[in-house]
Amino acid sequence: MNWFLLKGLLRDRSRSLFPLIITALGVFITVFMYSFIKGEMTDIISTNANFYTGHLKVVTRAYQDQMDQAPNDLALLDVSELQQQLSQQFPEIQWTPRIMFGGLLDIPDEQGETRTQGPAAGMAVDLLNPSSGEVDRLDIQDAL
């Protein structure tokens, strides 16, 4: 009986070949998209941890209340002394200062009036000091 069914499927390709191709293609697309999305999510989380949030962030209480706005006027001053104190208290952690800022970008027309506006954000890191570890942490060599 099995030989009879197999012979029938092989004779009529529309009953055997097309469903097999469609099923294989569906499985391939499903596995590929699942792996792609899973990899992207992992990469986004890793990049966000290294680039934006880091592992520890030292800020003032006022800055913490408005952290989503990145207010530059509430930034810490004289961080070298604070960094030295933190390095003495927690020597196993690598402390690196960063400047994060945000603002409103204004694009004027010919008369100097506002044509359009949009949010802008930036971050300053210490790339020139090899002991800061920012080049490795932000994976700058591979990105370039």
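Predicted model: local features only at pLDDT ≥ 70, side-chain atom pairs only at ≥ 80, totals over all residues.

Colleague: How many salt bridges does the structure hold?

Modeller: The structure holds two. In one, Arg-98 pairs with Glu-134, with 2.9 Å between the closest N and O atoms. That pair links distant parts of the chain, 36 residues apart. Arg-98 lies in the loop between helix H4 (79-89) and strand E1 (99-108), whereas Glu-134 belongs to helix H5 (residues 134-137).

Colleague: And which side chain meets Arg-137 in a salt bridge?

Modeller: That of Glu-134, at 2.9 Å from N to O. Glu-134 and Arg-137 are three residues apart in helix H5, so about one helical turn separates them.

Colleague: Which residues are linked in a network, then?

Modeller: Arg-98, Glu-134 and Arg-137 are linked in a network of salt bridges.

Colleague: Turning to accessibility, is Glu-134 buried or exposed?

Modeller: Glu-134 is buried, because its relative accessible area is 0%.

Colleague: Why does Arg-137 count as partly exposed?

Modeller: Its relative accessible area is 23%, and the partly exposed class begins where buried, under 20%, ends.

Colleague: What is the relative accessibility of Arg-98?

Modeller: Arg-98 has 24% relative accessibility, so Arg-98 counts as partly exposed.

Notes:
Residues numbered from 1 in each chain as written. Heavy atoms only, no water. Salt bridge = Lys/Arg side-chain N within 4 Å of Asp/Glu carboxyl O. Helix = DSSP H or I, 4+ residues; strand = E, 2+ residues; numbered from the N terminus. Buried < 20%, exposed > 50% of the residue type's maximum accessible area, 1.4 Å probe, protein only.
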